[in-house]
Amino acid sequence: MDHIILIGFMGAGKTAVGKRLARQMQLPFVDTDDWIEAQEGRSISDIFAEDGEAYFRTLETDALHRLLDSKERCVISVGGGLPVQPQNWPVLRQLGTVVYLEADIETLLGRLKYDTKRPKLQGGDLREKIETLMEQRKEIYEQTADLRVTTDDREFSQILQEIMEKTTNIVNCG
Ligand code: S3P
């Protein structure tokens with residue numbers, strides 16, 4: 001399968017970049033969080049509050065497996081915690097090229113400071129939460145990805161250009 005899968009921390013721009021990339025490449029766009037909310041008929045915040053994070057993680061893994069059946073090439077954005085689950089690693093590999101969208105802590109803070117929709121970031125000190133989670137996840141993102149693209153202080157057009165160039169190279173040489 002040669003889907004383009006965007007991974008990275010909350011606020012790294014996976015959905016915003018993914019939508020634009022899909023439009024530019026004329027491919028369907030899939031967001032695992034949106035899929036899960038549609039399937040469950042409730043928000044991610046409600047899923048966390050009513051059934052807990054562990055249940056949400058099983059939904060993410062199910063969504064990822066369902067993508068294996070897709071016959072059409074897609075741009076896929078996955079939730080920031082999905083690559084943390086080891087059982088998802090082989091599935092991500094199988095799905096296609098994994099692109100890690102990187103952003104530094106200051107960028108993330110700026111983008112997430114008014115967020116109310118991400119249960120992992122509610123309550124307490126936002127910087128501390130981001131730093132702690134990033135510490136736990138950074139290496140996993142790096143190791144799961146085929147390539148890395150920074151989003152700090154960049155226009156969407158530059159980010160899209162870099163992803164398209166790099167993914168083309170991987171497909172052609174790989
Ligand atoms: C999460 C990231 C969210 C969403 C959920 C948990 C995480 O997705 O899946 O709130 O653990 O990092 P985004 O990365 O799209 O915000």
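I'll start with helix H6, where the buried residues are Ile105, Thr107, Leu108, Leu109 and Leu112. This is a predicted model, so please keep that in mind throughout.

What do the buried residues of H6 pack against? They pack against H7. For orientation, H6 covers residues 105-112 and H7 covers residues 126-144. Two packed helices are described by the angle between their axes and the distance between the axes. Here the angle is about 130 degrees, and the axes are 10 Å apart. H6 and H7 are therefore oblique to each other. The crossing of H6 past H7 is right-handed.

Next, the residues in that contact. From H6 we have Ile105, Glu106, Leu108, Leu109 and Leu112, and from H7 we have Leu126, Arg127, Ile130, Glu131 and Met134. Sorted by class, the contact has seven nonpolar residues and three charged ones, with no polar residues.

H7 also brings us to the sheet. The helix lies across E1, E4 and E5, and runs at about 145 degrees to E4.

The sheet itself is open and has five strands, with parallel pairing, in the order E2-E3-E1-E4-E5. Which strands stand at the edges? They are E2, residues 29-31, and E5, residues 147-150; each has a single partner strand, so one side of each is left without a neighbour in the sheet. From one strand to the next, the twist averages 25 degrees. Over at the E2 end, helix H2, residues 32-40, lies across E2 and E3 and makes an angle of about 65 degrees with E2.

Now to strand E1, residues 3-7. Is E1 largely enclosed or left open? Five of its five residues are buried, so E1 is largely enclosed by the rest of the structure. Taking the faces in turn, His3, Ile5 and Ile7 are on one side, Ile4 and Leu6 are on the other, and all of these are buried.

E1 has pairing to describe on both sides. With E4, residues 96-102, it runs parallel and is joined by five bridges. Within that pairing, the bridge partner of Ile5 is Val98, and Ile7 stands opposite Tyr100. With E3, residues 75-77, the pairing is again in the parallel sense, over three bridges. There, Leu6 stands opposite Ser77.

To close, back to the two items I'd keep: H6 puts its buried residues against H7, and H7 in turn lies across E1, E4 and E5.

Notes:
Residues numbered from 1 in each chain as written. Predicted model: local features only at pLDDT ≥ 70, side-chain atom pairs only at ≥ 80, totals over all residues. Heavy atoms only, no water. Buried < 20%, exposed > 50% of the residue type's maximum accessible area, 1.4 Å probe, protein only. Helix = DSSP H or I, 4+ residues; strand = E, 2+ residues; numbered from the N terminus. Pairing = 2+ DSSP bridges. Axes fitted to C-alpha atoms, helices over the stretch in contact; angles between N-to-C directions. Parallel < 35°, antiparallel > 145°, perpendicular 65-115°, else oblique. Left-handed = near helix turned anticlockwise from the far one by under 90°. Contact = heavy atoms within 4.5 Å. Nonpolar A, V, L, I, M, F, W, Y, C, P; charged D, E, K, R; others polar.
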